[in-house]
Amino acid sequence: MLTLKDVSVHFGKKQVLKNISFNLDFGQSVCLLGQNGAGKTTLFRTILNTIAYSGQVLIDGQATKGLSRIQLAQKIAYIPQNHEVPVDFTVFEMVLLGTTAKLKTFQQPGPKEVAQAKAALNRLGIAHLQDMPFSQISGGEQQLVTIARSLAQNSRVIIMDEPCANLDFGNQTLVLEMIRQLTQQGLLILQSTHDPNQALRYADQILLLESGHLSSGAPKEILTSARLSALYGMPVQVFQVTVDGEEIQFCLAKKGGLPHVANL
Amino acid sequence: MGNTRKRRWVLLGLTLALGLGVLISGYLGKYPIAFHQYLEAISGFFKDTTTPATMRIQTILMNVRWPRIILAVLIGAGTSVAGATYQALFQNPMVSQDILGASQGAAFGAALGLFLQQSYEIVVSWSFVFGLLAVSVVLFLNRIIPGNRSRLNMILIGMIVSALFSSAVSFLKLIGDPTNTLPAITYWLMGSLSGIKMQDVYYAAPLLLGGMLPIMLLRWRLNVVALGNEEALSLGINVAVLRSILIVAATLVTATAVSVSGMIGWVGLVVPHFARLLLGNNYRYTMWATALGGGLFLLIVDDFARLLTTSEIPIGILTSVVGAPVFLILIAQNNRPTGGY
């Protein structure tokens, strides 16, 4: 279980996160929503212990502040927003890097680590890509590779910063479906997203950041028309439809709903 | 996997080429030695009795050629490994000790030592201190200057710091004694391996090897650092500590090389690039190719430096002739959507 107790972060005099507390169980897909600048990345950095904060971050009751980088890496994996790759490794090398936390300082990865990396590639069904250069596969495949790296890292919590940014619709679905499968296998995956529809469709739990304050709950409770309208500052309506016997919710922004745009 | 086999062949080939290069370079020289005499002299080292003619050749080998060959290989390997380390640490394939100002800082420290006619130890330590200072200044400026920390930014800042240290060296030359310190500093700055004695090997070899050792041991972790700060942290690397260790090690190698042989430019930039072309970006293997290739490259260039003309050409001039066009190709490649790095 990932627990935050009373976490606050200040940048100078500005308080970016205000007394945030929540509990997240394993086996869940969690979406973090919030406007730009609401503190999503700051919240991730707090969980990863890369910035100063007050309060407590606990994994299975153990405070992360006291853990070394290596110990923490074995509990939490982090996947930054897909960025320009500074170094072009092959897909296999990229996944193998995930095993670093378990190596001794001067140790090179051996057969055990290689097997672990291959298992991770197989689990995501991308073993056929292993000799490709990372820069030459699609954005969706790159996300799957970084997820495989987190699996090779063997941590039960994976944090992803906007995994679907810059992906086309097909690749978005590929990544989101994969995340759902992995959470059903017992992982806790926390991702930030700008698309409330992705959250409505794929999240088991929602974290909503509004100017430093956090609310959490099931998608149906949190992502209501009223909350979404307030969050994005425009009329948003949530609809419910039944597709093949499954209740599905989605939201739309109202056309012409912004008076200052409509009056131009 | 096909990769594993290719790796094995490349590394084996480089090792053999280096061994052969060392053997042939010992044979080459201004003083003519017949090949059978050369072999006799080498096998003579393992025998108790030798003829006077063989002993004369052995003296030449021991005092003139081998010290130079050993240091050419070690400096070539060390400079290349240090260059690759800077490139990985700063996630920038276009930096090296010359561009980060480390070489110029080290050159200033060494020139100061020469100017004040200090002992070898002092020259090396000042060279090390100023080399480290130059890198720290570049990193500090890169951090505090607002704007995006692009690859270009660091190169420009490096140029500025290099220029400052170069003018400081010019100032030392200006006030240096034109009969001894000025020519000493000038010639040494051009970069040359001439006049190296066994004594120099005893001093420099442990420092060069000592600097390379931590880099070779930590080369897997260098891969992780090359991904960037946040990713490296979350993969379980203590980035700050690792970075400091590697910067100190790479700068120690740079400073030692500069104090022995002056500024031999471009090697640290070009050799790692070729190593990556051969074996890819995984430093686990590429660092070995860098070390072996760097040693081989400088050894060959040094053979040209001492044999091409009657009076010796400073090796720094030759490495520039090779390095400058390669750097141009590197820039052209880096502008393509999928760069080599």
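This is a predicted model: local features need pLDDT of at least 70, side-chain atom pairs count only at pLDDT 80 or more; totals for chains, interfaces and linings use all residues.

Residues are numbered from 1 along each chain as its sequence is written, with chains lettered from A and ligands numbered from 1 in the order in which they are written.

**Helix pair.** I checked α5 (residues 120–144) and α6 (residues 151–175) of chain B: their axes come within 9 Å and cross at roughly 140°. α5(B) and α6(B) are therefore oblique to each other. I noted the crossing as right-handed (near helix turned clockwise from the far one by less than a right angle). Residues in contact have C-beta atoms, placed from the backbone, within 7 Å. On the α5(B) side I found Val137(B) and Leu141(B) among them, and on the α6(B) side Ile157(B) and Phe165(B) are included.

**Phe106(A).** I found Phe106(A) in the loop between α3 (91–96) and α4 (111–123) of chain A. Buried or exposed? Phe106(A) is exposed, because 12 other C-beta atoms lie within 10 Å (20 or more is buried, 12 or fewer exposed, in between partly exposed). Leaving aside neighbours within four places in sequence, Phe106(A) touches Leu217(B) and Leu218(B).

**Chain contact.** I get 25 residues from chain A and 25 residues from chain B. α2(A) gives the most to chain A's side, with three residues.

Definitions and conventions:
Helices (H or I, at least four residues) and strands (E, at least two) are DSSP runs, numbered from the N terminus. Two residues are in contact if their C-beta atoms, placed from the backbone, lie within 7 Å. Axes are lines fitted to C-alpha atoms, for helices over the stretch in contact, and angles run from 0 to 180 degrees between N-to-C directions. Angles under 35 degrees count as roughly parallel, over 145 as roughly antiparallel, 65 to 115 as roughly perpendicular and the rest as oblique.
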